Amino acid sequence: MSHVEVYGIRHHGPGSARALRGALEEFKPDAVLIEGPPEADPIVELAGEPGMVPPVALLAYAPATGGAPAAAGAGDRGDGRKAAFWPFAEFSPEWQAIRYALGAGVPVRFCDLPAAHQLVPSPGAEEEDSEPEDAEQESAEKDGPGEGEAPPEPAEGIRLDPLGWLAKAAGYDDAERWWDDVVEHRGGGPSPFPAIAEAMAELREQLAELPEGAASAGLPPGHLLREEQREAHMRRTLRRTLKEGHERVAVVCGAWHVPALRAKVPAAHDDRTLRGLPKAKVAMTWVPWTHGRLSGRSGYGAGVRSPGWYHHLFTAPDRPVERWLTAAARVLRAEDLHVSSAHVIEAVRLAEALAALRGRPLAGLDEVTEATRAVLCEGADLPVELIQRRMVVGERLGAVPERTPMVPLQRDLQAQQRRLRLKPSALDKEQDLDLRKPVDLERSRLLHRLRLLHVDWGVPAETGRSKGTFRETWTLAWRPEFDVELIEASAWGTTVRGAATARAESAATGAGTLADLTSVAERCLLADLGDALPTVMRVLADRAAVDTDVAQLMSAMPALVRALRYGDVRGTPTGPLRTVVDGLVVRICVGLPPAVTGLDDDAAREFLGHVDAVHGALALLAEDGHIERWRRTLEGLVARPEALHGLIEGRLTRLLLDAGRLHDVADRMARAVSTGTAPARAAAWVEGFLSGGGLILMHDTALLRLVDDWIAGLPGDSFTDVLPLLRRTFGAYADAERRAIGERLRRLDQTSAASSGPDGEDVDAARAAAATATTLHILGWEGSS
């Protein structure tokens, strides 16, 4: 006679996992059914290999058919792309059931609704709610209210949070704490599964008595129908298993489903429920997962508050509180914080005392954290946050064996990771690359290629493209969804280089603006995608030849110049870029005068950024012909200041002064801030002129006196109007610059500008001549002085 045991578990609960393992060893089933996608049956045996190290996840995805989808599992909403995850940690009951079955040599199967159906929107679901979820995401089987949430008040909330209702009935205001006390912190005693099944049956009976519509209040559209389909398929799988001759079958599922699987439902009813369900073509594999993605904070609907703590509870053989606080002390000592053995002993006593006062069977995470803060951290919050990151979440990245099904692109990336000694890690890791070293150069190219494929394993620091440097700094952190991105990117090619090349060519042909196109060209050079450059450069040349928007041309210039200037560091040919840059410089210089005429305040400020960007790009390019053409264009503009916005005129004047091309700047400023000039225009002129930095006011007393006299002579109303502009200008200076300018202003009345040099001090021209000549030679201004 067949015997079926249904074990209702909490996903990712160490107490459930420990109790389930003991129950299975006592029951000794000849078949084990687990809530999960049946498509994973052919690869479930991989869970028994030494190379499979949790946390890991089953990944179901729709094979690429042209468009590339995004992960929808683990709480991440994609943008119409089809994928779902079923995560497992070492302390997950389902994982322990799998390992038990593989170790005992009994068949283990998944019995949930196939992913082929779950990757298709359920009938009645709205478009935004149609993405497949992980086995328990956003369902009523969530472990309890999220952190800071209160248990639901109306009766229809039973379905949204059954554990919250049970906790409320037991006198708890925190469902997680109640579950910890009755299940997770149990040290022994009878099996909890009969009591769990009875409690869930009672809740479902109460739910059935509610009016139609009230039972589904707060649930996503189509959720109840999808749940009915899932439970029907679980029952169908159980019947099929029994028909195959298995006599002792163990079913492991979310606690909420236990009454449905025990119910005597006719097979015909389930057949009708499952008939005609739409299907999608799916593939299944194992991927590494992280503890951070098991956390409820990540958005994972079945997530737990503290995966690191739960892992510790499951793996610590005895005295978990003492072991945890000892490990916390070790973490703090590694940060040079003084923590002695006496601290640990007192912290253990405090945690146990708090648990006794609160009637808890074992000190939980709340008590341990309070003891850590009060004793080990002496009331400081920052060390407690360190413990939170290092231990409570306990970030770690799982691993899958070599035999795991993978697309060729994943295999190629793994081979390059091994060759370049770049090991994926769930924790942020800073990687400093010297591009003069072949290995570091290859690492840089790999990371840039992955970014083209939207796999942001590495994120470059702001200093990564500093001018004139051979170094790049990256922050590396592997996230589970990158496996989905790689699977989707396999539509572009079977190797990282090939896929990135195809992706760059597609991005170039579909670029919306010239700036987007130049960004693609720059990224091709950084990633050493020589095969993509001809296509990218052809499209770039065609677009640049017909684009009449000077602002677009100016925004495109910096990226091209960076690529042209530093492409040789990577050994990438940049010949085609020279022609494009030469053409852009000419067109910008020709189109700039009409483009900057008649601008309002917002347009002038926007154009100011373009002018600075082009000026800096040409200085970086260091091409004398282009620099001279640019300076002549600026000279022509300042020669007719009436057509320019004050912000633009002031900035152009400053650029030409710094280049040594203007010798009447004091007169120009005097006119710009004269009494007949509107205060707003004068303030804009000063803002533009001083936006390059305040050093000029520290070393040119005449200009400083002009600015001071203008500000001092403003009427009260005018001063109030221009004050925001002045605050924005001087607020951008460093504190040292502002202090130095203040000291200069204090000494203005004591210094005679007529008998002194620019800085108010006597200058020995003969002694200064040698230093002046050297400085002019370095700056390349010998011919312009």
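The model is predicted, so local features need pLDDT of at least 70 and side-chain atom pairs count only at pLDDT 80 or more, while totals for chains, interfaces and linings use all residues. Residues are numbered from 1 along each chain as its sequence is written, and side-chain values use heavy atoms, with hydrogens and water left out.

Reader: What is the order of the open sheet of 3 strands?
Author: Strands are DSSP runs of E of at least two residues, and helices are runs of H or I of at least four, numbered from the N terminus. Two strands pair if DSSP finds at least two bridges between them. Strand 8 (429-434) and strand 9 (458-460) are the edges, each pairing on one side only. With antiparallel pairing, the order is 8-10-9.

Reader: How many bridges join strand 8 to strand 10?
Author: These two strands run antiparallel. L433 stands opposite E472 in strand 10. The number of bridges is 6.

Reader: Which residue in strand 10 is the bridge partner of P460?
Author: Strand 9 pairs with strand 10 (residues 471-476) in the antiparallel sense over 3 bridges. G458 has L476 as its bridge partner. For P460, the partner is W474.

Reader: At about what angle to strand 8 does helix 17 run?
Author: Helix 17 (residues 438-452) lies across strand 8, strand 9 and strand 10. Axes are lines fitted to C-alpha atoms, for helices over the stretch in contact, and angles run from 0 to 180 degrees between N-to-C directions; contact means heavy atoms within 4.5 Å. The angle is about 120°.
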